[in-house]
Amino acid sequence: MTARFKSVGIAAAICAVASLLIFANLGRSLLWEDEAQTALLARTTLRYGVPTGHDGANSLSQEEGRDIDAHGVFRYHPWAQFYIAAASFALFGESTVTARLPFAVLGVATVALTYLVARFVWRSDAAAAAAALLLTFSVPFLLLVRQCRYYSPLAFFLLLAVFAYFHMLQGRRGYIVLFVAAAVATMHTLHIYALAFLACASLHTLVLHRDRWKLVLIP
């Protein structure tokens with residue numbers, strides 16, 4: 001129990017540092033082009049239930065209309081990011097900060113999940129802390145997860161799928177639901193990464209854990 005409290009304390013301290021770096025001045029700079037599109041599509045999602053390429057006055061297309069279907073529905077990117085931003089707007093109102101807030105939260109959650117995955121793989125608090133700290137002080141990571149864009153959800157859902165996958169390889173069937181849910185969430189965040197992950201997980205299972213292929217490939 002003491003070791004568990006120690007591990008939780010280390011993870012909490014690293015997440016506190018990550019929070020200071022990620023949430024600091026979250027609304028200082030304006031939303032740049034892609035962020036603004038995400039926020040505006042989130043607004044139409046709240047209004048119509050799905051992201052539409054026109055808000056009633058302005059076109060939200062960046063591809064001269066090719067990213068909008070015949071019914072006016074946006075089709076260029078998967079929709080998870082729009083629903084995430086829309087949920088924030090519904091709860092807290094519209095602003096630069098609330099547009100970025102849920103993505104920043106997922107950024108901190110990704111740091112916490114990095115600690116959990118590293119600890120599970122290496123069975124070491126030191127290794128877990130090193131992995132989480134390296135991510136926390138990665139400038140590209142900090143810049144990306146502060147944005148109202150798919151970057152932090154993609155990192156979080158992919159890592160969650162990896163976390164569930166490792167537990168499934170240990171024969172823990174309870175993680176099948178989490179594995180499927182994380183893979184589906186990744187698919188709705190950015191298709192190609194979900195396909196790449198599932199391909200890698202399948203290949204890893206067939207090459208190194210063939211006795212457990214049903215546990216992975218069927219889900």
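The questions and answers below concern a predicted model of a single chain.

Visitor: How many helices and how many strands are there in the chain?
Guide: Read along the sequence, the pattern is α-α-α-α-α-α-α-α-α-α, and the C-alpha trace spans about 55 × 40 × 25 Å along its principal axes. The count for the chain is therefore 10 helices and 0 strands.

Visitor: What share of the contacts in the chain with a separation of 6 or more comes from residues 24 or more positions apart?
Guide: Of the 219 residues in the chain, 42% are buried, and the accessible surface comes to about 11,600 Å², with 66% of that belonging to carbon and sulfur atoms. Among contacts with a separation of 6 or more, the share from residues 24 or more positions apart is 65%.

Visitor: Is α7 largely enclosed by the rest of the structure or largely open, and how far apart are its end C-alpha atoms?
Guide: Because 15 of its 19 residues are buried, α7 is largely enclosed by the rest of the structure. Helix α7 covers residues 151-169, and at 1.5 Å a residue it should span 27 Å. In agreement with that expectation, the end C-alpha atoms of α7 are separated by 27 Å.

Visitor: Which residues does Y165 contact, leaving aside its neighbours within four places in sequence?
Guide: In general, nonpolar side chains in soluble globular proteins tend to be buried together. With its neighbours within four places left aside, the contacts of Y165 are F179, F197, A201, H204, T205 and V216.

Visitor: At what angle do helix α8 and helix α9 pack?
Guide: On the α8 side, F179, A183, T186 and M187 take part, and they meet H191, Y193, A194, L195, F197 and L198 in α9. By class, this contact has 8 nonpolar, 2 polar and no charged residues. The axes of α8 (residues 176-187) and α9 (residues 191-208) are 7 Å apart, and the packing angle is about 145°.

Visitor: Is T114 buried or exposed?
Guide: T114 has its place in helix α4, and, leaving aside neighbours within four places in sequence, T114 is in contact with A131, A132, L135 and L159. Between T114 and G93 there are 21 residues in sequence and 31 Å in space, C-alpha to C-alpha. The relative accessible area of T114 is 13%, which is under the 20% cut-off, and so T114 counts as buried.

Visitor: What is the relative accessibility of E64, and what is the relative accessible area of N25?
Guide: Most residues other than glycine have a negative phi. N25, in the loop between α1 (2-23) and α2, has a positive phi near 50°, and E64, in the loop between α2 and α3, has a positive phi near 55°. Because exposed means over 50%, E64 counts as exposed at 72%, whereas N25 is partly exposed at 48%.

Note on methods. Residues numbered from 1 in each chain as written. Predicted model: local features only at pLDDT ≥ 70, side-chain atom pairs only at ≥ 80, totals over all residues. Heavy atoms only, no water. Axes fitted to C-alpha atoms, helices over the stretch in contact; angles between N-to-C directions. Helix = DSSP H or I, 4+ residues; strand = E, 2+ residues; numbered from the N terminus. Contact = heavy atoms within 4.5 Å. Nonpolar A, V, L, I, M, F, W, Y, C, P; charged D, E, K, R; others polar. Expected span 1.5 Å × (residues − 1). Buried < 20%, exposed > 50% of the residue type's maximum accessible area, 1.4 Å probe, protein only. Areas by Shrake-Rupley, 256 points an atom, 1.4 Å probe, with all protein chains shown as cover.
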